[in-house]
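Biologist: I am new to this structure, and I would like to learn how to read the surroundings of a ligand. Could you take me through them step by step?

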Amino acid sequence: MRILVTAGPTREAVDAVRFLSNKSTGRMGYALAKAAVEVGHDVILVSGPVALTPPDGLLEFVPVVSAADMAEAVKSRASGCGMIVMCAAVADYTPAHPTDRKMKKADGNLFLELKRTEDILKTLGQQKKPGQILVGFAAETDGLEQYARAKLAAKNLDWIAANDVSRPDRGFAAGTNAVTLFAADGRRFDLPLQSKDAIAKEMLAVLLPSPR
Ligand code: C5P
């Protein structure tokens, strides 16, 4: 199966030298891409800026910077994919008026106007091909199941992988993760705390029970 995985943060330009970003390291997405390659899938990895080396054996590696870049890269490849896993921590807002030059500082406060980015996963959910499996991630600090299930429904997903990022041993920038998978048909799988490589393998086994 052709599988597209997104990973890492995005960077949203404020000016020529500054950007808004987040704590994502890309480790979970890279682990998922690697696990999918190892099972024999054709894997496209679309990655924001991270300090990781892409796994061997990818069908395609697509480095991107901003949420808009990621949207373009994903949407142009989506229709040929049997499964899309949106692991990337895509920015929800981007500066409304980025400048090409470095902004000068002045006395007093600075107000930065932000505009919404496209919700890539929501767009994919609206355009979902028959049989295509759409998987989202939900990083939450509270109300894990409630918010995860709401996102699953709102974005027309098949699965959502939820993790509690209020705890230091899982989620953003941690080497380990604990994930609860919620399916659109109501099923729930709790994957206990373990390395992100091990979580990735278990996730794939749940998402695609029969290889290829
Ligand atoms: O609604 P929330 O941002 O928490 O949903 C998280 C999921 O949506 C993740 O799978 C993330 O990759 C995806 N997302 C997206 N485009 C955005 C924001 C989030 O595809 N602009």
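Modeller: What follows goes from the ligand to its shell and then to an aromatic pair. This is a predicted model, in which local features need pLDDT of at least 70 and side-chain atom pairs count only at pLDDT 80 or more, while totals for chains, interfaces and linings use all residues. Residues are numbered from 1 along each chain as its sequence is written, and side-chain values use heavy atoms, with hydrogens and water left out.

Biologist: How many residues surround the ligand, and which are the closest?

Modeller: A residue is near a molecule if one of its heavy atoms lies within 4 Å of it. Here 14 residues surround the ligand, and M86, A88, E118, F137 and K151 are the closest.

Biologist: Which polar side-chain atom lies 2.4 Å from an oxygen atom of the ligand?

Modeller: A polar contact is a pair of N or O atoms within 3.5 Å. The side-chain atom at 2.4 Å from a ligand oxygen belongs to K151, while K155 places a polar side-chain atom 3.0 Å from an oxygen atom of the ligand. On the backbone, a polar atom of E118 is 2.9 Å from a ligand nitrogen.

Biologist: What is the aromatic pair in this structure?

Modeller: Rings of Phe, Tyr and Trp (its six-membered ring) pair if their centres lie within 6.5 Å, and planes under 30 degrees apart count as stacked, over 60 as edge-to-face and the rest as tilted. W159 and F189 form a tilted pair, 6.0 Å centre to centre with 50° between the planes. Strands are DSSP runs (E, at least two residues), numbered from the N terminus. W159 lies in strand β10 (residues 159–164) and F189 in strand β12 (residues 188–195), so the pair ties together parts that are 30 residues apart in sequence.

Technical notes
Polar contact = N/O pair within 3.5 Å; in protein donor to acceptor, adjacent residues only side chain to side chain. Helix = DSSP H or I, 4+ residues; strand = E, 2+ residues; numbered from the N terminus.
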